[in-house]
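Reader: I would like to go through the terms used for this structure and see what each one rests on. Please show it, then start with the contact criterion.

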Amino acid sequence: MSLKIKALTLGVGTALALSMTAANAWEPTRTVTFVVPAGTGGGADQMAREIQGVAAKHNLLKQPMVVINESGGAGAQGFLDVKNSKGDANKIIITLSNLFTTPLATGVPFSWQDFTPVAMLELDEFVLWVNADTPYKTAKEYIDAVKSSPGKFKMGGTGSKQEDQIITAAIEQQTGAKFIYVPYKGGGTVNEQLVGKHIDSTVNNPIEAVANWRAGKVRPLCVFDSERMSYTAKITKDMSWHDIPTCKESGLDIEYLMLRGIFSSPDVKQDAVDYYVDLFKKVEATPDWKDFTEKAAFKQTFMTGDKFKQWVADAAKLHHDLMEKAGFLAKKK
Amino acid sequence: MDSFMSLMQGFSVVLVPGNFLYMLVGILLGVLIGVLPGLGAANGIAILLPLTFGMHPTSAIIMLSCIYWGALFGGAIASILFNIPGEPWSVATTFDGFPLAQKGRAGEALTASFTSSFIGALVAVILITFLAPIIASFALQFGPAEFFSVQLLTFCSFVGMGKESPFKTIASMMIGFALAAVGLDNVTGQLRMTFGFNELLNGFDFLVAVIGLFGIGEILLTMEEGLSFKGASARINPLVVLHTWKVLPRYWLTSLRGAAIGCWLGITPGGATPASFMSYGLAKRFSKNGDKFGTGELEGVVAPETAAHAAGTSALLPMLTLGIPGSPTAAVLLGGLLIWGLQPGPLLFVEQKDFVWGTIAAMYVGNVVGLAVVLTTVPLWASILRIPFSIIAPVIVAICAVGAFTVNNAMIDLFFMLGFGIIGYVFKKLNYPLAPFVLALVLGDKAESSFRQAMLGSGGSLSIFWSNWLVGGITALSMIMLFWPLISKVIGMVRRKGAHPVAAE
């Protein structure tokens, strides 16, 4: 009898111990809120919904995940929301460059240091595009043309004092060319305006322009990266992403990549971060994700931990410098 | 003929039992989304998008586009019954729809609205079927100057025709413009009029404002006037649909005009909301019964609904042919294409024939099914008004609150909604018109952006608004609309004077 009891207690003990280890590994305790600090249909939104879809299809999450768009004030709304949910590990946010640019340009009080870094998923490339009916075949030809008639060429981009305008300002600073920068609401509109010849060039992300590139409406001149994109599959009849020269090759030494990373609320514990890192690793391993990254021509760079933190810190400094040089910083009151 | 054959093939894709089921589910969900204010078709579709992940792309777009049709139909329901626009494009429907319901003619208003929606969609989809490639490139002609001229035309076709004093109209519109300017300025990237409050970052969302102004404002008025619906005495007649159909052909010209405006604004991403306002404005101006608009004219329901649905439908055309979203909903669907593994853009028509023509065929079938679904529910909806006010009012307030919250997921919007409710009540009491206020709020910041983008491009010269036949034509049309009362007087005088010389000749 006593032996039986012993066995029973032993059993209970092991069960307890087992459940203890299970409890140590954090799991979402309720619905995971996935904040997109941008509108529906944009690049960050598409990525968040792809993640949500992949996670649901492959049963990677025990709790449901909802994607909500909090785009107010160039994304400030979303960032402030997450900043104010201190310690809430059930909330994550996907970032664009507005993680850096919005607080610098508007003075809204938040910075990347407020959040718990989880992982860098991908980096988004920027490409210099012109309308295919124009004669410019290289970045150099185009920049020379802009230089020869200052204040005549229009560069279209998403938003004001955000990544597109920062790149434009960097081009101006380096070459002495002068553009009229025209801000639009979203990358899709910018691309359409280029096809309609209402603007002369854009620095659209690959995903925003690829459809019209395939259709022969726009022409890529160079990519703002230190190396060419890795995708060698033909997109048009005779070109792949890899065939686009870097801007550096064309004498325009500018590098800019946009962070597509995940952060969580402030003061989130390491075990929760580990959980998400594991989740995103699983998401990135699916064929659906591979397909998606190839379509969007992302630069595949999964990064976590201190390496990721260091990258973000460097990027924050870079944005501060670029924006200071361009005079985009909010005036201190 | 080529398009016709492709369309037939499209039908064969759509009319398999599985896809038909998805269609029905989509329509029902869509109507629900349309009825609930704030949720919106774009959000509704975005929420359901990940669910379609494993589906065949054609089935997925059939279901999601049917949600869109459903929402276009359903948006009118709450507008007519409770003066709460379920969707931005149903605001203009409240102007005559709600007075009709108050007179006990909710059934007629609903039938007219659904039928006009259907006709608008039909015209648009026929246009898509046969003229897609030709029309699509028209969208590319639109730069900032052209957008501004369209927005100007919307304002001009709406201004200066109310019964209220012009000063009240201007005051109301200016408050709308001021509120529209709050938040982030897209052109400079600076915050405006937030006075250091981070809660004001989002500015005042148009939907939150209309939910408050119309929905909450109306509840306040009703409470004052004796806690009951005026439409409660309405007899519910199951044959109301047939009776209304007998009257509707009279408004063929308004329908046609609405459909034309809708198709035009849908293709040139102007959107369904400006289309509905413009169509209502023009109908009021050119109809024989124009004076009675706003008091419960069926024609005042026909005009905005035809235009809104035509615009909503034709907004999918630039998406399919060029990969340009003509509306927020189309933008979400475009993202969907990518997730389903399709490449949106100009080559979609060539590479994915089945998908494209399946989608177009689904537009026909989806709208027919949608019409059937909503028409059969007309008596049901109308009978909601017979529920005692004390029960339905809290439900409405709750729905309004949920709607206002959903727009931006921001708590502060609930307080804004209540604030707007009080403004709406005060406006009504002081006899200030709400329409110019709402119009300025919905189009104010868009018009401002387009104007400033155009000015950036032209180096500050206004001549850009006359720089080509397209923008010049629209600007000229706006001016004619603005000064129409004057012009019609002059024409009248010239005619009277002119009658003599002509007779002499």
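Author: Two residues are in contact if their C-beta atoms, placed from the backbone, lie within 7 Å. This is a predicted model, in which local features need pLDDT of at least 70 and side-chain atom pairs count only at pLDDT 80 or more, while totals for chains, interfaces and linings use all residues. Residues are numbered from 1 along each chain as its sequence is written, and chains are lettered from A and ligands numbered from 1 in the order in which they are written.

Reader: How many residues of chain B are in contact with chain A, and what is their division by class?

Author: By that criterion, 44 residues of chain B are in contact with 43 residues of chain A. The largest share of the chain B side, 7 residues, comes from H15(B). Helices (H or I, at least four residues) and strands (E, at least two) are DSSP runs, numbered from the N terminus. Ala, Val, Leu, Ile, Met, Phe, Trp, Tyr, Cys and Pro count as nonpolar, Asp, Glu, Lys and Arg as charged, and the others, Gly among them, as polar. On this division the side of chain B that touches chain A has 25 nonpolar, 19 polar and no charged residues.

Reader: Why is chain B called as compact as a globular protein of its length?

Author: The radius of gyration is taken over C-alpha atoms, and the globule rule is 2.2 Å times the number of residues to the power 0.38. For 505 residues the rule gives 23 Å, and the radius of gyration of chain B is 23 Å, close to that value, so chain B is as compact as a globular protein of that length. Its secondary structure comes to 23 helices and 2 strands.

Reader: What share of chain B counts as buried?

Author: Of its 505 residues, 59% do.

Definitions and conventions:
Buried ≥ 20, exposed ≤ 12 C-beta atoms within 10 Å, placed from the backbone.
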